[in-house]
Amino acid sequence: MRIKDLLPDLTARFETAGIAEAAADARALVAFAIGKAPVFLRMNPDFEIEPDQLARIKDFAGRRLKREPVSKITQTRGFWRLDFKVTKDVLDPRPDSETLIEEALKIFQDRSSPLNILDLGTGSGCLAQALLCEFINARAVGLDSSLQALAVARENAAANGLSGRFETVAADWNLPGWTQGIGTFDLIVANPPYIAEPERENLDPEVVDFDPPQALFAGSDGLDAYRRIAPALPSLLKKSGVFITEFGRGQHEDVRGIVCSTGLRFRSFGVDLGGIVRCLSAFY
């Protein structure tokens, strides 16, 4: 079977299943199955797909039709200027979270500054490692309660050539004394869970069925993680240190109130590409 015969059929099947980016997903999965870049498909429509490649495509298509995200099938996701391995144990990095990196670059304009960075709920390590990519003399600690997630973060650091400046700490901010021995930091970033539990039934299957629930849900109003994290910030931040955190649509004033109730001073909000207020920065 040739690419030009396979792609339209696969795209149509995805469209029938209600998959929004049907054509793009079909191209991505076919390219991954044959070990080529997606642009290869456009340039070589008459390429003959081998039987073993076709078997992989059928397997990937079946998984996508069950709403498994392309990134979880290929186990890779681009974020900022790096690629990250993603598994069932980590949140799939979203472009919206790049707003946190942009805010950090506005605040810390000296890219050679030897920043000490803490990433709360590091998951794949995407926030910390994107920052290390920009701040060449910085060091970062990725904190997470999941040992499986920390293993993925370390693997990503090695793949991105950042192992020498990235380390992990296992800690759970839901437990007393979770900050003990971590140290103090110039910059703390966080993308904590912020979805209210009642919203679970409204989420796409790609999210609710394939991202770890502990990285998604935070109580009845989605603010529990901020209530846990905020009281520890004064002890974790150096003098004039900065905290930058992500949140969901419409949560900005609530999160500002929680963060500033601890003695931190609000600095600014960051807006994502969709025009949604996505993160805030505050300093100590």
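**Entry 1: contacts and helix α1.** Before looking at what covers what, I note that contact means heavy atoms within 4.5 Å. I also remind myself that I am reading a predicted model.

I began with α1, which runs over residues 3-16 and has 14 residues. From its first C-alpha to its last, α1 reaches 20 Å, close to the 20 Å expected at 1.5 Å a residue. Which residues of α1 are buried? I found Ile3, Leu6, Leu7, Leu10, Thr11 and Phe14. Looking down the axis of α1, I see these buried residues within an arc of 125 degrees, so they line one face of the helix. Their cover includes α2 (22-34), α3 (38-43) and α4 (51-65). After α1 comes glycine 18, with a positive phi near 85 degrees.

**Entry 2: the whole chain.** I stepped back and counted twelve helices and nine strands. Along the principal axes, the C-alpha atoms fill a box of roughly 65 × 40 × 35 Å.

Of the 284 residues, 49% count as buried. I then looked at contacts between residues at least 6 apart in sequence: 65% of them join residues at least 24 apart. The chain exposes about 13,200 Å², and carbon and sulfur atoms supply 50% of that.

**Entry 3: helix α6.** How many of the ten residues of α6 are buried? Seven are, so I wrote down α6 (residues 98-107) as mostly covered. The buried residues are Thr99, Leu100, Ile101, Glu103, Ala104, Leu105 and Ile107. Among the elements that cover them I listed β1 (77-79), α7 (126-134) and β6 (185-190). The strands β7 (237-246), β8 (265-271) and β9 (277-283) are also included in that cover.

**Entry 4: the nonpolar cores.** I looked up the largest nonpolar core next and found 34 residues in it. Those with the most contacts inside this core are Leu118, Leu120, Trp178, Ile188, Leu233 and Phe243. Several elements each supply at least two residues of this core, including β3 (116-120), β4 (139-144), α10 (224-229) and α12 (252-260).

What does leucine 118 touch, leaving out residues up to four places away in sequence? My list reads Val141, Leu143, Ile182, Phe185, Leu187, Ile188, Val189 and Leu236. There is also a second, separate core of 29 residues, and Leu127, Ala140, Val189 and Ile244 are among them.

**Entry 5: phenylalanine 247.** I found phenylalanine 247 in the loop between β7 and α12. Is this residue buried or exposed? At 0% relative accessibility, phenylalanine 247 counts as buried. Not counting residues up to four places away in sequence, phenylalanine 247 touches Tyr194, Tyr226, His252, Val255, Phe269, Val277, Arg278, Cys279 and Leu280.

Entry 6: Arginine 67 has a phi near 75 degrees, a positive value in a residue other than glycine. I placed arginine 67 in the loop between α4 and α5 (70-74). Glutamine 75 is not a glycine either, and its phi is positive at about 60 degrees. Glutamine 75 lies in the loop between α5 and β1. With 38% relative accessibility, glutamine 75 counts as partly exposed.

How values were computed: Residues are numbered from 1 along each chain as its sequence is written. This is a predicted model: local features need pLDDT of at least 70, side-chain atom pairs count only at pLDDT 80 or more; totals for chains, interfaces and linings use all residues. Side-chain values use heavy atoms; hydrogens and water are left out. Helices (H or I, at least four residues) and strands (E, at least two) are DSSP runs, numbered from the N terminus. The expected span of a helix is 1.5 Å times one less than its number of residues. Buried means under 20% relative accessible area, exposed over 50%, partly exposed in between (1.4 Å probe, protein chains only). The arc is that of the directions from the helix axis to the C-beta atoms. Accessible areas come from the Shrake-Rupley method with a 1.4 Å probe; for residues, only the protein chains shown count as cover. A nonpolar core is a set of buried Ala, Val, Leu, Ile, Met, Phe, Trp, Tyr and Cys residues joined through side-chain atoms within 4.5 Å.
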